[in-house]
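I opened this entry to write down what I looked up, one element at a time. The notes follow the order in which I went through the structure.

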2 protein chains.
Amino acid sequence: MINASAAGVIETCRKNRDKIGTLYAGQNGILGALHENLIDTSKETASTIAALKHCPGGAFGSCRYKMKDIKDSTAEYERLIEVFKAHNIGYFFYNGGGDSADTCLKVSQISAKMGYPIQAIHIPKTIDNDLPFTDCSPGFGSVAKYIAVSTKEASLDIASMAASSTKIFILEVMGRHAGWIAAAGGLAAEEAGDPPHIIVFPEIPFVREQFIAKVEETVKEKGYCVVVASEGASYADGALISGSLNKDAFGHQQLGGVAPTLASMVKHSLGYKYHYALADYLQRSARHVASKTDVEQAYAVGLAAVEKALQGASSIMVTIERSAAKRYNWSLGEADLVKVANVEKKMPRSFIRKDGFGITKKARDYLQPLIMGEDYPPYKNGIPQYPRLKKILVEKKLATGFTD
Amino acid sequence: MINASAAGVIETCRKNRDKIGTLYAGQNGILGALHENLIDTSKETASTIAALKHCPGGAFGSCRYKMKDIKDSTAEYERLIEVFKAHNIGYFFYNGGGDSADTCLKVSQISAKMGYPIQAIHIPKTIDNDLPFTDCSPGFGSVAKYIAVSTKEASLDIASMAASSTKIFILEVMGRHAGWIAAAGGLAAEEAGDPPHIIVFPEIPFVREQFIAKVEETVKEKGYCVVVASEGASYADGALISGSLNKDAFGHQQLGGVAPTLASMVKHSLGYKYHYALADYLQRSARHVASKTDVEQAYAVGLAAVEKALQGASSIMVTIERSAAKRYNWSLGEADLVKVANVEKKMPRSFIRKDGFGITKKARDYLQPLIMGEDYPPYKNGIPQYPRLKKILVEKKLATGFTD
């Protein structure tokens, strides 16, 4: 969805070229700004930019790079200002989750601390849905839809073969320390007793005996058991379920191993035949089954970021606000970036069933609208057509490079 | 797709009720016949049956059950005849892959060996695409589409983050000893050099040094490397890549571990950050991204099975035949079940690139038509609507049960 937001930013900037001029995209996020690798978005056609609305991944590249604190190291910030000055950059739009909000906040602080005028606006995007103040984060709705759909489909498969084969299926999902994505698996259940029968949340300390008892009870009652488990699930002492159990032949820790670890526990305690799936990046990039609501919101927060900048805003994150009305309705607002950065919004306890293994009606009411609507990409030769950008770099103006 | 074939069988039987009477579905395949657990399909509404065309899993249940050889044990066969006689069953349609073809063949042999008139027709369905004589197997085209689409989407994700994070992504796919599903990952590449950069086939003996060298070369050239690896990939001596390397904390072998094993090799030899996905049952049940061609073929083989039975055929498998014309065109034929049962059709060497790590144009020409067209299920509340069957069992007529 980060590309849909980019489309919202670029198309709105194009409409306001008289005020904004040319929009550059940092190649690989803030690293592009630091290295003066700036992509000239004006070289891309209108149809390419429109096609970003249905393109997975991050079209201009992304990064995992945490800027140092402004008071510990001014070198990075001086470099940024050099680049901004050299290219006459006055608006800074940054798209991502908690770490990106932190980067955006730090950039906004340049203005005050270092006397360079820059308006920095954060555009929310994280499949983890763990940004505070916003009702939801673009990217989440589509992953939620993918997980709900996949859980439903795989459950039908297990149900049909459980009598003489696999009895337990575990789907491991992303979400880091927040159980939002795992909770979305719960939407696969349309009637009471429907799979998934167990959701393992990071918010609920894992107790092996309780888990095994629930699996056994479910298999006895239903003939099979479907589990959705969050990668961040952990024991009461904070140790990850996936953390310490598995080592490969080279002695390396195996990462992302909640599903195989839970499967082993079941096999060991109950002897059931199991299967597990690890959707990993498939869930994050599954544009082919996106939520229409999510796509609309992703575009809208990009558009609003530009409009808010033109109205003089800085150091804010655009937020999605849910109306109090019973029928789902959303509008856009903003939150102070100082309050946003480095806060993780986890699932409230009221969204998790008393036994800790499922979602409540409250959670369902929150989640359901976010996966509504389908927004299919165009297909050619049997696969989705995603745009190929030219990514033409702006000529460098600075004599020196940057070493991170 | 097994449900789409079931719809083809049921709707065609309904049109020929005067000749066929009532169609029963064995609950969990042949086990339902042995246990006299027969679902009366006439109790299902026409719209439910039509909806089977877009429903994953096996609506009447499936089984993993291999019948003994007719000369070793007559008990099973006598029991089958008892059930067939009690319910006046004269036609037997059986849907599945190689093991099911074997079951169907054995049932057809009852007629000759035990003097009970039964026409047994096999309907091909296996995502592994390893049935002989038929150009392809229903089920495969949709899994192929899912793998091609998922590979393309995940590749865009990796491409955007490789500069400062994950450099290698491995998608483990099904297919047992045949590389058809892995080959389908190759359809994600639209231009030369596009990901996936490496496909690990079960047909090509795995050589660790060659694999590592190819990964290193790809990352140096492209900045990242996407691998599609078949669960059945093995070394020259036949040992599975996934076989012996990983054990969990309880000392159990980890199954389905090609992706983590390859990832560990890369980490150990090259130090790259990796991610891997294990689609497992998600790929087999992903009805939300089915191939229209596959759905049409699945329905057609079901329909043809009934028509062929009415024309007096027995002990055959319905086949899909590709015309020699350049433009893809298919029709239906049949193959002798004796020749079909227990033969696995693997990827021909001419479909695999000389270096063993990719598909040839010949493979692409074969695969491409099978993933053509989209056939979306209807959605409600953000998830696909799959039918719920009544599955009303026919009253048992036999005094005794069956113990397998």
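Helix 9 of chain A came up first on my list. This is a predicted model. Helix 9 of chain A runs over residues 208-222, 15 residues in total. I get 21 Å from its first C-alpha to its last, close to the 21 Å expected at 1.5 Å a residue.

Next I asked which residues of helix 9 of chain A are buried. They are Phe211(A), Val215(A) and Thr218(A).

What do the buried residues of helix 9 of chain A pack against? I found strand 5 (168-173), strand 6 (198-200), strand 7 (225-230) and helix 10 (258-270) of chain A. Just after helix 9 of chain A comes Gly223(A), with a positive phi of about 95 degrees.

I then turned to the nonpolar core. The largest one holds 261 residues, and Ile170(A) and Ile170(B) are the members that touch the most others in it. I listed the contacts of Ile170(A), leaving out residues up to four places away in sequence: Val227(A), Ala229(A), Ala259(A), Leu262(A), Ala263(A), Tyr274(A) and Tyr276(A). As background, nonpolar side chains in soluble globular proteins tend to be buried together.

Helix 10 of chain B was the next entry. I count 13 residues for helix 10 of chain B, reaching 18 Å from the first C-alpha to the last, close to the 18 Å expected at 1.5 Å a residue. Its buried residues are Val258(B), Ala259(B), Pro260(B), Thr261(B), Leu262(B), Ala263(B), Ser264(B), Met265(B) and Val266(B). Their cover includes strand 5 (168-173), helix 9 (208-222), strand 7 (225-230) and strand 8 of chain B. After helix 10 of chain B I find Gly271(B), whose phi is positive, near 75 degrees.

From there I went to His275(B), which sits in strand 8 of chain B. Is His275(B) buried or exposed? His275(B) is buried, because 22 other C-beta atoms lie within 10 Å and the cut-off for buried is 20 or more. Leaving out residues up to four places away in sequence, His275(B) touches Asp280(A), Tyr281(A), Thr166(B) and Phe169(B). I also checked Arg176(B), 99 residues from His275(B) along the chain, and the two C-alpha atoms are separated by 23 Å.

The contact between the chains was my next stop. I noted 66 residues from chain B and 66 residues from chain A in this contact. On the side of chain B that touches chain A, at least two residues each come from helix 7 (140-161), helix 10 (258-270), strand 8 (274-278), helix 11 (281-285) and strand 12 (383-384) of chain B. Helix 7 of chain B gives the largest share of that side, 13 residues. By class, I have 33 nonpolar, 22 polar and 11 charged residues on the side of chain B that touches chain A.

Last, I looked at the domains of chain A. Domain 1 of chain A covers 2-127 + 287-342 + 373-384, and domain 2 covers 140-285. The centres of these two domains of chain A, taken over C-alpha atoms, are 34 Å apart. In their contact, 10 residues of domain 1 of chain A meet 11 residues of domain 2 of chain A. The domain 1 side of this contact in chain A has 4 nonpolar, 4 polar and 2 charged residues.

Terms used
Residues numbered from 1 in each chain as written. Chains lettered and ligands numbered in written order. Predicted model: local features only at pLDDT ≥ 70, side-chain atom pairs only at ≥ 80, totals over all residues. Contact = placed C-beta atoms within 7 Å. Helix = DSSP H or I, 4+ residues; strand = E, 2+ residues; numbered from the N terminus. Nonpolar A, V, L, I, M, F, W, Y, C, P; charged D, E, K, R; others polar. Domains from an automatic or database assignment. Expected span 1.5 Å × (residues − 1). Buried ≥ 20, exposed ≤ 12 C-beta atoms within 10 Å, placed from the backbone. Core = buried A, V, L, I, M, F, W, Y, C linked by C-beta atoms within 7 Å.
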